[in-house]
Amino acid sequence: MAAIITDQIRILSARNFLAGVTTTTNSYYSFMGLPNSSDIQSDWDNNPPSPIDSFNDENNFWETIIALKKISSGDVKLVVPKNTWNSGNTYDMYRHDYSVSNTAPVSGATSLYGASYFVLNSDYKVYICLQNGNTPETPNGSPSLDEPKFTDLEPRTAGSSGDGYIWKYLYTINPSDIVKFDSTNYIPVPDDWETSSTNSAVRDNAVDGSIKTVVVSNRGTSLGSAGVVYTKVPINGDGTGAECTVTINNDSQVDSVVVSNQGSGYTYANVDIVAGGIPTGTTRPVLEVMIPPQGGHGFNIFRELGTRNILLYSRFENDNQNPDFITGNQIARIGLIENPKAFGSVSGLTLDKASAVQALRLTGIGYSSATFEADSFITQNISTGTTAVGKVVNYDQATGVLKIWQDRSMSGFNTVGVAITNPEFGFVRNKFTASPGSGGSLRVYGGGVVEELTINDTFTGVSTVINNRTYYLGQSFVNGIASPEVAKDSGSIIYVDNRPSVTRSVNQKEDIKVILQF
């Protein structure tokens with residue numbers, strides 16, 4: 001039994017995902033993480049490994065997440081491949097019948113949605129190509145010479161070069177969407193096409209099953225008197241009302257076919273030259289009628305352009321009011337999480353930014369000049385024979401806040417969860433504490449710091465005042481310790497991207513654009 005999953009279900013899946021992101025029922029977050037990529041693979045920056053999709057690796061991803069950023073309804077768009085118009089390029093034309101046996105001549109695509117049949121001009125206007133100069137002499141089309149810039153509702157040529165192109169204007173990208181959603185390879189599509197007044201003129205002008213173009217694939221021979229123009233030649237099929245004008249050249253062949261009445265209701269059609277009074281000649285011409293998508297050109301932008309991709313935008317930007325995005329260390333992994341939960345709660349995370357690591361507020365002589373080495377080990381003896389171990393994410397000398405992370409390697413296991421023989425600190429991942437037991441202390445060791453620094457167990461709050469200046473800490477501290485703001489292993493990690501590491505600085509921001517393909 002032979003079967004296929006059609007492109008239409010991919011379009012539906014993309015739109016359903018968009019609807020899920022833009023409702024209040026679900027929440028989606030981007031994340032940054034993996035500060036120690038070179039410990040995992042020495043040549044990570046030159047050859048980042050492909051992520052592995054397994055439950056074990058999902059747990060591993062969580063262990064190295066540093067911070068999350070909420071994705072709002074305004075941060076997600078349907079997108080399509082970017083084909084920028086350039087003079088001299090040849091583009092595919094719209095055809096309803098591309099297939100494995102009838103590939104797009106320019107791109108070689110075996111389906112419409114793989115073809116380069118629409119373009120973005122220099123004014124961020126989008127056009128579909130209904131004719132690319134295709135003739136019997138140029139069956140693969142011709143170079144486009146005239147940039148389309150008009151906003152007429154009906155298709156037409158773009159200039160006077162005679163390049164043979166006919167363009168249909170679809171929409172103009174909203175200026176507010178350009179920064180977020182225009183990328184190297186994709187452009188945004190209006191997600192409110194069915195209801196938007198901005199695009200209503202194009203949408204309402206569409207006629208279901210209307211004929212816009214007829215392609216001359218064979219001009220025929222001996223079709224009667226040279227130079228004759230035949231008008232109101234009927235276009236027959238399952239629709240009604242379509243007619244065209246056929247011009248015969250000086251060699252008694254078809255010179256051109258222009259649709260004079262688009263009609264409606266066609267899903268198949270042919271030009272009836274006999275009914276139009278055109279002599280059949282020695283060789284009958286081959287005139288191919290192009291059938292529009294359901295509803296007509298411009299009616300359903302999602303179906304017409306094949307919106308099978310989603311772009312999610314996120315910005316990691318340092319924020320003095322909520323410093324969850326670390327500086328002075330690296331990130332080498334980004335991703336997306338669906339419906340994470342707040343730490344210590346069954347409720348979903350709602351914060352705009354959230355820290356995924358524990359933090360300690362330190363005190364002691366020299367805390368304001370101490371420099372912790374990124375990704376170095378620190379420890380606390382929490383009781384006799386029991387040690388908490390972590391790695392440095394970053395340290396703020398002004399506030400004494402040390403962010404740390406812990407993974408399975410700090411509790412006697414390797415990165416895939418296999419136990420290590422005689423681990424230095426045992427097989428339990430102990431948390432740092434402001435209430436050490438017998439034999440323990442508040443002292444923190446390691447990180448390349450020689451000062452005697454301790455957890456400030458008298459501090460509770462989310463901000464502190466130092467020398468008459470208020471510092472916001474990003475996390476809520478209780479007795480000098482702040483828990484992560486997101487519950488580890490909650491929600492579903494739906495996208496992971498391993499990339500060359502980036503060292504974040506104070507004035508740095510990263511615009512993250514994630515493409516999900518359905």
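Predicted model: local features only at pLDDT ≥ 70, side-chain atom pairs only at ≥ 80, totals over all residues.
Residues are numbered from 1 along each chain as its sequence is written, and side-chain values use heavy atoms, with hydrogens and water left out. Local features need pLDDT of at least 70 and side-chain atom pairs count only at pLDDT 80 or more, while totals for chains, interfaces and linings use all residues.

The sheet is open and has five strands, running β16-β2-β1-β15-β26 with antiparallel pairing; strands (E, at least two residues) and helices (H or I, at least four) are DSSP runs numbered from the N terminus, and two strands pair if DSSP finds at least two bridges between them. At the edges sit β16 (353-355) and β26 (492-503), each pairing on one side only. From one strand to the next, the twist averages 20°. Helix α3 (residues 55-63) packs on this sheet and touches β2 (65-71), β15 and β26, contact meaning heavy atoms within 4.5 Å. The direction of α3 makes about 50° with that of β26; axes are lines fitted to C-alpha atoms, for helices over the stretch in contact, and angles run from 0 to 180 degrees between N-to-C directions. Further in, β1 (residues 28-33) and β15 (residues 330-338) share six antiparallel bridges, and Phe-31 has Gly-335 of β15 as its bridge partner.

Ser-142 lies in the loop between β5 (125-132) and β6 (165-172). Ser-142 counts as buried because its relative accessible area is 17%, with buried meaning under 20%, exposed over 50% and partly exposed in between (1.4 Å probe, protein chains only). Beyond neighbours within four places in sequence, Ser-142 contacts Asn-89, Thr-90, Asn-132, Gly-133, Asp-163 and Tyr-165.

Ile-5, in the segment before α1 (7-21), is exposed, at 56% relative accessibility.
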